[in-house]
2 protein chains.
Amino acid sequence: MTEERIVTAALLVIGDEILSGRTKDQNIGFIAEHLTSIGIRLQEVRVVPDVEGEIVAAVNALRAKYTYLFTTGGIGPTHDDITADSIGMAFGVSVSIDARAERVLRDYYGAKGLEVTPARLRMARLPAGAELIDNPVSAAPGFRVGNVIVMAGVPSIMQVMLACVTPTLDTGAALLSITIPVDRPESEIADAFSAHQQRYRDVAMGSYPLLRNGRPATDLVLRCSDLARLNDATATLKAALKL
Amino acid sequence: MTEERIVTAALLVIGDEILSGRTKDQNIGFIAEHLTSIGIRLQEVRVVPDVEGEIVAAVNALRAKYTYLFTTGGIGPTHDDITADSIGMAFGVSVSIDARAERVLRDYYGAKGLEVTPARLRMARLPAGAELIDNPVSAAPGFRVGNVIVMAGVPSIMQVMLACVTPTLDTGAALLSITIPVDRPESEIADAFSAHQQRYRDVAMGSYPLLRNGRPATDLVLRCSDLARLNDATATLKAALKL
């Protein structure tokens with residue numbers, strides 16, 4: 001097996017509306033799938049309310065522990081949008097109107113014949129040292145400070161920001177995965193499956209129960225960054241289960 | 001205003017499959033909405049992988065901070081189901097076959113003419129002192145230890161467990177909410193909205209941008225446990241925005 005470089009990430013979802021159930025999060029699954037596909041391993045997600053102390057504590061815990069921390073939410077124009085200030089507080093840097101972001105907003109609203117109100121200008125407030133992340137949808141930029149990547153909460157805007165920032169990210173060995181569908185309940189195959197995991201300790205094996213055509217079935221998922229090893233574990237598991 | 005009793009909760013979602021994006025979580029939004037409706041305030045969510053140390057650390061951080069901790073995932077029959085052991089570790093108690101849970105499983109599989117294999121019996125392993133939570137769907141119970149409520153990850157099973165445990169929970173003052181739809185982008189109303197929040201500091205006010213009939217619009221959400229105060233803040237906000 002070759003030397004692997006492991007790149008990890010956490011995601012911090014910021015917003016009362018997710019915790020109240022009013023808004024159903026659509027970003028966790030999207031970001032998880034995207035990071036997995038580019039070779040970044042999402043290791044933890046947290047959802048916290050629009051409370052500065054909670055955001056700062058989570059940012060500092062997560063940015064220290066993982067290669068990257070992605071955040072969603074709280075970068076709009078209203079008083080409950082406190083992500084930029086919280087990130088500034090977490091890094092111990094000032095937060096003020098960024099000239100580059102202000103120009104982006106003035107160009108965008110100017111082209112529409114709209115005034116740049118104090119609320120709109122609030123979206124140009126960034127922590128000192130931030131790099132801008134383009135927002136081709138609605139102009140107000142995301143930003144990056146250190147290893148923390150701050151994106152919008154609106155899914156369509158988050159997705160373009162993630163696309164913009166992706167080419168700048170370090171990535172590591174992608175975790176390859178193979179799914180083996182089994183038409184038996186997981187409790188029938190669990191013993192053999194567990195024995196197989198013991199035999200291949202470097203291949204992560206998960207078992208996911210589901211209904212297939214109305215009957216209890218199982219998806220077995222094997223994950224490893226080494227394709228040959230993954231194929232070997234898959235073939236021997238299929239043989240063991242007589243598939 | 002009357003004296004309020006505030007009951008809080010956190011949710012811990014356990015599972016590699018959520019972090020890899022393979023499975024899209026459906027439980028966070030459901031649990032958030034349910035808890036809000038019964039007067040329990042969900043304050044934090046975490047998603048962690050199937051790694052004992054990570055689960056134990058999250059359980060101990062969250063159970064100390066909130067009235068209740070709910071968990072989903074990791075209570076099935078396979079080797080990657082390590083929630084019961086992790087909860088036992090977090091509480092410093094032993095984990096072994098529970099006679100009540102074993103009887104439930106033997107009755108369920110016996111009625112189907114199926115053998116209780118070691119894998120199936122694994123689902124009766126509970127931390128010492130656990131109370132069972134019924135699972136009318138597939139028998140294998142959830143459980144409660146102290147203020148920690150452990151449920152399945154499969155949404156249909158989680159939902160019946162949550163229904164079963166709900167009558168046993170302390171609940172507090174429900175946070176009432178009113179949504180005011182506004183057909184203007186949030187950046188146009190943000191200044192007035194922010195001034196209104198300053199005037200009613202005890203009413204939590206959030207602003208959520210969206211597209212309505214293809215045009216930028218905003219939902220303003222006011223939340224407070226005192227209905228009269230909420231109605232007052234709503235009426236004066238509508239007047240301020242000329243709605």
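Start by selecting both chains: 18 residue pairs are in polar contact across the interface of chain A and chain B, both residues of each pair being at pLDDT 80 or more. A polar contact here is a pair of N or O atoms within 3.5 Å; within protein, one must be able to donate a hydrogen and the other to accept it, and residues adjacent in sequence count only if both atoms are side-chain atoms.

Before going on, note that this is a predicted model, in which local features need pLDDT of at least 70, side-chain atom pairs count only at pLDDT 80 or more, and totals for chains, interfaces and linings use all residues. Residues are numbered from 1 along each chain as its sequence is written, chains are lettered from A and ligands numbered from 1 in the order in which they are written, and side-chain values use heavy atoms, with hydrogens and water left out.

**Stop 1: the interface**

Colour the side of chain A that touches chain B. The elements giving two or more residues to that side are α1 (16–19), α2 (27–38), β2 (41–48), α3 (52–65), α6 (118–121), α8 (186–199), β10 (204–212) and β11 (215–224) of chain A. Helices (H or I, at least four residues) and strands (E, at least two) are DSSP runs, numbered from the N terminus. The largest share of this side, eight residues, belongs to α8(A). Sorted by class, the side has 22 nonpolar, 15 polar and 16 charged residues; Ala, Val, Leu, Ile, Met, Phe, Trp, Tyr, Cys and Pro count as nonpolar, Asp, Glu, Lys and Arg as charged, and the others, Gly among them, as polar.

Counting both sides, 53 residues of chain A are in contact (heavy atoms within 4.5 Å) with 53 residues of chain B. The two chains bury about 4200 Å² between them, 53% of it on carbon and sulfur atoms. Select A:L19, A:R22 and A:H79 next: they supply 15% of the area that chain A buries against chain B, more than any other three residues. Buried area is the accessible area (1.4 Å probe) that two parts lose on being put together, summed over both.

**Stop 2: salt bridges**

How many salt bridges does the rule find across the interface of chain A and chain B? There are 10, a salt bridge being a side-chain nitrogen of Lys or Arg within 4 Å of a carboxyl oxygen of Asp or Glu. For one to look at, show A:E54 and B:K65, whose side chains meet at 2.9 Å, N to O.

Over all chains, the search finds 26 salt bridges. Inside chain A, pick A:D170 and A:R5, which form a salt bridge with the closest N and O atoms 3.5 Å apart. A:D170 lies in the loop between α7 (155–165) and β9 (176–182) of chain A, and A:R5 in the segment before β1 (8–14) of chain A, so this pair ties together parts that are 165 residues apart in sequence.

**Stop 3**

Select residues 41–48 in chain A and chain B. β2(A) and β2(B) pair in the antiparallel sense over three bridges, where pairing requires that DSSP finds at least two bridges between two strands. Here A:V47 stands opposite B:V45.

**Stop 4: the sheet in chain A**

Move to the open sheet of three strands in chain A, in the order β9-β11-β10 with antiparallel pairing. β9 and β10 of chain A stand at the edges, each with a single partner strand, so one side of each is left without a neighbour in the sheet. Seven bridges join β9(A) to β11(A), and A:I180 has A:L220 as its bridge partner in β11(A). Now show α9(A), residues 227–240: this helix packs on the sheet, touches β9, β10 and β11 of chain A, and makes about 10 degrees with the direction of β9(A). Axes are lines fitted to C-alpha atoms, for helices over the stretch in contact, and angles run from 0 to 180 degrees between N-to-C directions.

**Stop 5: the sheet in chain B**

Finish in chain B, where three strands form an open, antiparallel sheet in the order β9-β11-β10. Nine bridges join β10(B) to β11(B), and B:Y208 stands opposite B:D219. Helix α8 of chain B (residues 186–199) packs on the sheet, its direction making about 170 degrees with that of β10(B).

Not counting residues up to four places away in sequence, B:T236 touches B:H196, B:R199 and B:Y200.
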